[in-house]
Amino acid sequence: SIFSLVILKMVKNMNNIIVIGDLNYNLNIFLNTFLKENNEYTINNITKSIGNILNVPIVLSKYDLNVYYFSCVGNDIEGKEIINFLHSNKIRSDYVNILNKKTNNKYVIRNTKNNSKTILSLKNNDKYELIRSINFIPNVVYSTIYNSEFILDIKSKFRSTKIITDLKEISEESIKVCKLSDYVIIPLKYAQVLTGINLNIANKNSIIELYSRTKRLFSGKIIIYIEEVGCLFQNNNLISIIPKMGDKNKVSKSSYDMFISTFIYCINKDYTLDKTVKISTISKFLSDNGKQTFNIKEVLDIYEKNN
């Protein structure tokens, strides 16, 4: 197995969260036009950033959870900056391997006229072998990359651990990981691709058919995330919709990450799926309306006042 897990003395803590993902150093290139073939472009400068891949673990850390990041970086200045960034946000780097190579770069070409972006990433073939034995039982594992071998290892060695995945691409490996997960969050566009159904939200039969066909593909609990409408899920054998709060046209760049972060927090607390989706929807609403909060108590207070 790529991921060899050796178990020593287990420490049970309901707040231990593992997040698995790539760690890249972004090189941001700004243009005021679209890229066209066979053209040369002159740029004024290139900025560097660690990117938004760490949005979810940062929020989870601010929610007072113990977040362990599983990844690797190169043995260079960029790798050290990423490790320091993790530490500054109280994210544990015990299981971030430092490899004898350069840290992977991601090239982000941003169009300043319409705020669109084109991202060029090198395929990451790094092996995330553990340099230390895991000495705790993770309550939740959330993966932003798709490696079914690792998830199988987790499930065999940590039977009580909950696996959460959100589908961000359609591939053989991503589907394998989703099939192994306890909770799968699927944006509408991917549910439509998987089922071949174009949702008509005004048609009850269309809603039932889309959800039922999606659910048959996986064994875990399925949440279909519909940006302008809300979330579709099964509650006590009934297909339910938790509607989006506020103006459906108001969407912030970080609202999806806030939804995912709050969803992980709630599952970690063993809330029901209905309660989890409602609280996560409140968190998304606050983010969409410029009131994003990293104080989970504020979100929970809004939920309690309305339920």
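Mentor: Six bridges join β12 to strand β13 (residues 238-243), and the two strands run antiparallel. Please bear in mind throughout that this is a predicted model.

Trainee: Which residue in β13 does Leu232 stand opposite?

Mentor: The strands β12 and β13 are antiparallel and are joined by six bridges. Within this pairing, the residue of β13 opposite Leu232 is Ile241.

Trainee: Which residue takes a positive phi in the hairpin of β12 and β13?

Mentor: This hairpin has two residues between its strands. The positive phi, near 50°, belongs to Asn236.

Trainee: How many residues lie between β11 and β12 in their hairpin?

Mentor: Strand β11 (residues 221-226) runs antiparallel to strand β12 (residues 230-235), and four bridges join them. Ile226 has Gly230 of β12 as its bridge partner. Between the two strands of this hairpin, the number of residues is three.

Trainee: Turning to the open sheet of four strands, which strands stand at its edges?

Mentor: The order of the sheet is β3-β2-β6-β7, with mixed pairing. A strand at the edge has a single partner strand, so one side of it is left without a neighbour in the sheet. The strands placed in this way are β3 (46-49) and β7 (117-121).

Trainee: What is the average twist from one strand to the next in that sheet?

Mentor: The value refers to the sheet of β3, β2, β6 and β7, which is open. From one strand to the next, the twist averages 25°.

Trainee: Which residue of β3 stands opposite Asn28?

Mentor: Strand β2 (residues 25-31) and β3 run antiparallel, joined by four bridges. Opposite Asn28, the residue in β3 is Thr47.

Trainee: Is Asn38 buried or exposed?

Mentor: Asn38 lies in the loop between β2 and β3, and its phi is near 60°, a positive value in a residue other than glycine. Its relative accessible area is 82%. Because a residue over 50% counts as exposed, the term for Asn38 is exposed.

Trainee: Where is Asp64 found?

Mentor: Asp64 also has a positive phi, near 65°, although the residue is not glycine. With a relative accessible area of 64%, Asp64 is exposed. Its place is the loop between α1 (55-62) and β4 (66-74).

Trainee: Is α5 roughly parallel or roughly perpendicular to α6?

Mentor: The axes of helix α5 (residues 188-195) and α6 come within 9 Å and cross at roughly 75°. Angles of 65 to 115 degrees count as roughly perpendicular, so the arrangement of α5 and α6 is roughly perpendicular.

Trainee: Which residues of α6 make the contact with α5?

Mentor: On the side of α5, the contact is made by Leu188, Ala191, Gln192 and Thr195. On the side of α6, the residues are Leu210, Arg213 and Thr214.

Trainee: Why are Glu209 and Arg213 separated by about one helical turn?

Mentor: These residues form a salt bridge, with the closest N and O atoms 2.7 Å apart. Glu209 is partly exposed at 33% relative accessible area, and Arg213 is partly exposed at 35%. They are separated by about one helical turn because they are four residues apart in helix α6 (residues 204-216).

Trainee: Is Lys297 buried or exposed?

Mentor: Lys297 forms a salt bridge with Asp301, the closest N and O atoms being 3.1 Å apart. Asp301 is partly exposed at 32% relative accessibility. The relative accessibility of Lys297 is 52%, so Lys297 counts as exposed.

Trainee: How many salt bridges does the structure hold?

Mentor: One of them joins the side chains of Arg92 and Asp94, at 2.8 Å from N to O. In the structure, the number of salt bridges is 12.

Notes
Residues are numbered from 1 along each chain as its sequence is written. This is a predicted model: local features need pLDDT of at least 70, side-chain atom pairs count only at pLDDT 80 or more; totals for chains, interfaces and linings use all residues. Side-chain values use heavy atoms; hydrogens and water are left out. Two strands pair if DSSP finds at least two bridges between them. A salt bridge is a side-chain nitrogen of Lys or Arg within 4 Å of a carboxyl oxygen of Asp or Glu. Buried means under 20% relative accessible area, exposed over 50%, partly exposed in between (1.4 Å probe, protein chains only). Axes are lines fitted to C-alpha atoms, for helices over the stretch in contact, and angles run from 0 to 180 degrees between N-to-C directions. Angles under 35 degrees count as roughly parallel, over 145 as roughly antiparallel, 65 to 115 as roughly perpendicular and the rest as oblique. Contact means heavy atoms within 4.5 Å.
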